[in-house]
Structure formats: structure tokens, C-alpha cells
Amino acid sequence: MPFSSACSRRKALKTAALATGSMMLRHLPSARAETTPSRFLPVEDLFRAAIAKGQTPGAVAAVGTEGQTVWKGVFGNRALVPHPEPMTWQTLFDMASLTKVLITAPAIMQLYEQGQLKLDDPVCRYLPAFAANGKQAVTIRQLLTHYSGLPPDVDLSAPWSGKETAVSLALNAPLQHPPGEQFVYSDINFITLGLIVEKLSGLPLDEYATRAILSPLGLKRTFFRPDPVLGSAIAPTQFDDTHTMLRGVVHDPTTRRMGGVAGHAGLFSCADDMITYAKALLAKRAGKPSPFPLKQETLVLMSTPQQPKGKQDLRGLGWDIATHYSTPRGTVFPTTSFGHTGFTGTSLWLVPETESFVLILTNRVHPDGKGNVIALRRDVATAAALALQHVSDQPPAG
């Protein structure tokens, strides 16, 4: 359903949202109405309600459209234990699985643009050991779309540590399904893609990311393995097995056992850098001047359906389009939009037609892993889409 033609649906949703918003506004202090555009008040109420319900300790969020950031918000606390610390705009977050689409997928596509690989090549052409246990037919495209047939993760039931062990576990993982048959979201897919990047580039993944993606975009607070001096600026996540609070150490247990760098998780970042990333990607995809280090046609390829023919779970090359993970789209943004989530509570959803984005950064797993922001992502995206449509409904200024 095109964004511009869904009038009746939008009007009904807008009426409901405005009615809800008006009930909330009766109890709002007057200063708040002066500092926040009224159309985004329902968005702010959603964050406050989620924090009050214990769904997350805090959040940093932003909404943008047509190359502009039109709303920013900071809510709650970034830490609850050992003592409360207020959330700040500059807080750094464990991006979790956003690593897949922010770093690993674009790295693979840079190699694709350079002619170093083809999407339908078998993975074992680049990593011969991957052919073990009947995986010789699995392709790079199937890894990127999560149609490889691999299980969700490597075995964590027994203690192990070290990158070499992780590589062995990933390359020797057996198939759960025939390649191309079923969508199964798998960290092994992106661990393997990260290994391909390292093999073809001759660089560790984190070094490649800095040279080829982060530096060209001018991102200075996005990295793997944060310097310990940044600890107080990082949102903590959860207690590890030794009852040590993870802060600046990656939450994902597989990445942590690997030393903090992997193709599926390990990246840390902040709101300013993520806004820069989103704007640059959307501008390049729209054919506008942009430092994003991929071609326009490559970004279109990555963000349009690439899953096997006839399959209903729609995935781009890395990006989610329409699966059971797509709740951050909300109920108004079009099905041509795309995005991704991270287990720690991060998400980014992008709308190419209007160069719009909704960024949500939380550490919902802090302190005990019981937070849940699935509904918050959906409701914020819906309220943001209504607010953005409200902007487009207004007559031009002047």
C-alpha cells in the first residue's frame, strides 16, 4: 500500500492517535507543549509509558524525514544498578544485531561492487571448510537473506572461548533445512559473512569497518570493543555469568566469547552517528550527493526483496522488509520500507520514498533481561508516521 495513497487508513489511525493524545495532554505541564511540536507528543508519551511499565530503563530516539531530523527525545535512565544514572543524548549503546546491517552487509556489498564475489556464489568458494555437513550449495545471497537453512546460533551449551573455536563451530554447523526452503534468522549466517569479509579484504572485521564504512561517513563514536575510558558513557546491559554488569563489553554471548568482534554483533554507537548513517544511506539511495560508501543501485538491491521466489518472508540483503521481525515498521509506513532490530533494544526503520527514519536506542535488557520493547517499537513507528504525514498535510510555509 503506497504511503501517499493510504488516506482512509491514515485518517482513522490519526483520529485514534489524536484522541489518545488529547486525553494524555490534559495532564501535561505547559512547558512540555512549548518545547515539543504537538504532533510528536504521542510519541513522547509512548516512551514514558514504556519506562513506567518497566519495559526499558530509558531510551534515546529520533525521527527524520527528507534529510532533516524533525524530533529527538531522551527518556528515563541509562543505568538502574548499582545506582540510577540519567539517560543522555550522548549515551553509547550496544547495537547488537544492527551490526549485521550497519557493518557486515555493506562490507559484503562493497566486495560485490569490486567484483571480488558474486551473490549466488557458493560460500565454500571463499571458505572451503564451510562445505562440511552438506553445506556446499549454500550461497552468499542465502546467508544475507537468512534462507541458508542454518540454525540460529552456534552451540553455547558447553563452555568455550576464542575466535578459532567460534569459526570451527560456524563452519561445521549442520543444516536444519535445505538451503532456500525456509526463513530462519541465524547469527551463523553473519558470522560466516564476517569471515568472508576478513578473507577477501585481508583485514580484521573491525579494522575493515573503520576504514571502509565508518571513516568515510565521518562517524567518530561508532566502533567495536569500546575503550574502557568510555565506560561511564555506555548504557549497561545485563549481568554476565560471573554476576558482573556488562558495560562496554558486548552483550551477545557468542560475540563475547569471540573477543568482542563478529559479523552478527559487537558494534557500539550513539544517536548522532546513527542519524548521520541513516541520512547518508537514504540520500544515496535516492540518488542525491552522499558520502555513503556504496552505489545507489546497490542500496536499492539491499533494501528490496531478495529471498527465494515464492517465499512470503521478505528480506533484503541484510535488511528486514516483511517478516515477524518487522514490528518496527508500525501500521502506517509502507511495505517498501525496511529496517532491523537489535536484541539489546535498538532499532532503525527507514522509508525510502520520503527519506524518513525512526531510530530507537534502548538497553531494555538492563538490569535483568526482562524488558521488552517490541510493542514500543511498533507504536512509536505508527505515531511517528502519523506525525510525519501531518507535516506533509500542511500548506507550504510562506
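Predicted model: local features only at pLDDT ≥ 70, side-chain atom pairs only at ≥ 80, totals over all residues.
Let's start with a hairpin.

S2 covers residues 68-79, and S3 covers residues 85-86. The two strands pair in the antiparallel sense, over 2 bridges. Look at Ala79. Glu85 in S3 stands opposite Ala79.

Now go to the other partner of S2. That is strand S1, residues 58-65. S1 and S2 also run antiparallel, and 8 bridges link them. Which residue in S2 is the bridge partner of Gly58? Find Gly76 in S2, and you have the partner.

S1 and S2 form a hairpin too, with 2 residues between the strands. Stop at Glu66 in this hairpin. Glu66 takes a positive phi, near 50 degrees.

One general point while we are on strands. In a regular strand, side chains alternate between the two faces of the sheet.

On to the helices. Helix H4 is residues 98-113, and helix H8 is residues 205-217. Their axes come within 10 Å. How do they cross? At roughly 75 degrees. An angle from 65 to 115 degrees counts as roughly perpendicular, so that is what we call H4 and H8.

Who touches whom? From H4, the contact includes Leu102, Ile103, Thr104 and Pro106. Ala107, Gln110 and Leu111 of H4 take part as well. From H8, they meet Leu205, Tyr208, Ala209, Ala212, Ile213 and Leu214.

What kinds of residues are these? In the contact of H4 with H8, 11 are nonpolar and 2 are polar. No charged residue is among them.

Definitions and conventions. Residues numbered from 1 in each chain as written. Heavy atoms only, no water. Pairing = 2+ DSSP bridges. Helix = DSSP H or I, 4+ residues; strand = E, 2+ residues; numbered from the N terminus. Axes fitted to C-alpha atoms, helices over the stretch in contact; angles between N-to-C directions. Parallel < 35°, antiparallel > 145°, perpendicular 65-115°, else oblique. Contact = heavy atoms within 4.5 Å. Nonpolar A, V, L, I, M, F, W, Y, C, P; charged D, E, K, R; others polar.
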